[in-house]
Structure formats: C-alpha cells, structure tokens
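Student: Please take a close look at one part of this model. Then link that part to the rest of the chain.

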Amino acid sequence: VGPDNGLLWPAAERLGGVDEAVEISESPFRLEPTHRTFHGRDIFSPVAARLASGVPVSEAGDPVEPSSVIPLDLPRPRLEGDLLVAHVIATDRYGNLALNVTAELIEQSFLAPGSSVAMEAAGPVAAEIPVAETFGDVGPGKPLLYPDPSGSLALAVNRGDAAATFNLAPGDEISLSPLS
C-alpha cells in the first residue's frame, strides 16, 4: 500500500512483480475526512490494516491494470566476467555504504570471504579491499566489503566512515575486480 510513484517497485520486483493493483484514493476503508497532506494516516494505514486482516485487495478500491504501476528506474549492478559494477544506494549514519549487489549476485561473483578486490570509483581509488564477514575481520580504520543484514553487499570502514573516506554517496558507481 503506497503511492504510485515507484516507491514500492523494488519490493514488488523482489517478490515476483505486480499481480493485482487497485486505486485506493476513494477506498471504502479510508478515513473521513481525508486531509490533502496526510495520506499515510488517512488512506494508506487504514487500507493496509484491512488488507492485513485478510480482506481481498479487490475490495480496497477500483482495479487498475498491473502493468500501469509506475516502476522505479534504478541503476542495476552488472557482472561482466571479472568486473562487477555496482551503485551506492544508501548511506547509514555511520557512513557505511549499501550497494545494489544482492546476495545472489555476490554468490555468482568472485566476492568470496577472505579474498580481496580492487575498487575504482569517482573518488579515491582503494587498491585493495578485503571481502569480510564482520568488521572484526579487519583492523581499525581499514575498509571492508561485507554482507549487510539483508545479505546485500556493503562497503564500510571499521571504526570509520566509508562515505567520507571514499567520497561516495547514493547514486555513485563503483567497479570491483579480483586482485590477481
């Protein structure tokens, strides 16, 4: 349940796509009166609550063609032989960088725990970054690539700020390749 602006697209895509969609702005489950700026409270939450209680999606509003749902056009990672091109998708408050490399892509690639990779980016180039399982696998101030809680790849600096160290932000592209 959310706006048709692409926000829900990554979740829908991860779960296999959109099978059914309804327009909920006039849903029988919305609160009245509906305020122009509080759709989360007045429309999304009440509709989501009813759906969570088992009400069919078809009863939440007027049907719309699933193919009309607006996709979110995000950059995609690419594995091209011994080159993995990834993108920063988020930075947390510690400066850790979430990358758009899923657990499945990690498994298909050369990113094995204990190995090291070369990273190139628009900012400084890190000649060698170990692929680790925990921050404790590297010393303080040292960079690492590790699986974040979702299983996706993240770039961090133990007791440091990877975003500042590498001058990277959401939307930036990095290239990873195995060290010979």
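Tutor: Start with Val-117, which is buried because its relative accessible area is 1%. Buried means under 20% relative accessible area, exposed means over 50%, and partly exposed lies in between (1.4 Å probe, protein chains only). This is a predicted model, where local features need pLDDT of at least 70, side-chain atom pairs need 80 or more, and totals for chains, interfaces and linings use all residues. Residues are numbered from 1 along each chain as its sequence is written, and side-chain values use heavy atoms, with hydrogens and water left out.

Where does Val-117 sit? Its place is strand 6, residues 116-121. Helices (H or I, at least four residues) and strands (E, at least two) are DSSP runs, numbered from the N terminus. Now find Ile-129. Val-117 and Ile-129 are 12 residues apart in sequence. In space, their C-alpha atoms are 5.3 Å apart.

Move on to Ser-152. Look in the loop between strand 8 (143-147) and strand 9 (153-157). Ser-152 counts as buried because its relative accessibility is 10%. Its side chain makes a polar contact with the side chain of Ser-150, at 3.4 Å. A polar contact is a pair of N or O atoms within 3.5 Å; within protein, one must be able to donate a hydrogen and the other to accept it, and residues adjacent in sequence count only if both atoms are side-chain atoms. Leave out residues up to four places away in sequence, and Ser-152 still touches several others, including Arg-14, Leu-99, Ile-106 and Tyr-146. Contact here means heavy atoms within 4.5 Å.

Asn-96 is in the loop between strand 4 (83-91) and strand 5 (97-99). Asn-96 is buried because its relative accessible area is 10%.

Next comes Asp-42. Asp-42 lies in helix 2, residues 39-52. Asp-42 counts as buried because its relative accessibility is 2%. Two polar links can be traced from its side chain. A polar atom of that side chain lies 2.8 Å from the backbone nitrogen of His-35. The side chain of Asp-42 also makes a polar contact with the side chain of Arg-41, at 2.5 Å. Set aside neighbours within four places in sequence, and Asp-42 is in contact with Arg-30, Leu-31, Pro-33, Thr-34 and His-35. Ser-25 is 17 residues from Asp-42 along the chain. The C-alpha atoms of Asp-42 and Ser-25 are separated by 9.7 Å.

One of those partners, Pro-33, has a backbone feature to check. Pro-33 is in the loop between strand 1 (21-23) and helix 2. A cis peptide bond joins Glu-32 and Pro-33, with omega about -5 degrees. Most residues other than glycine have a negative phi, and most peptide bonds are trans.

Two residues have a positive phi. Arg-159 is not glycine, yet its phi is near 60 degrees. Arg-159 is in the loop between strand 9 and helix 4 (162-166). Arg-159 counts as exposed because its relative accessibility is 74%. Past helix 4 comes Asn-167. Asn-167 has a phi near 55 degrees, also a positive value in a residue other than glycine. The loop that holds Asn-167 runs between helix 4 and strand 10 (173-178). Asn-167 is exposed because its relative accessible area is 56%.

Now step back to the whole chain. The protein chain has four helices and 10 strands. Along the sequence, the order is α-β-α-β-β-β-β-α-β-β-β-β-α-β. Buried residues make up 33% of the 180 residues. Take the contacts with a separation of 6 or more: 56% of them join residues 24 or more positions apart.

Turn to the overall dimensions. The C-alpha atoms fill a box of roughly 60 × 30 × 30 Å along the principal axes. The radius of gyration is 21 Å, while a compact globule of 180 residues would have one near 16 Å. That radius is taken over C-alpha atoms, and the globule rule is 2.2 Å times the number of residues to the power 0.38.
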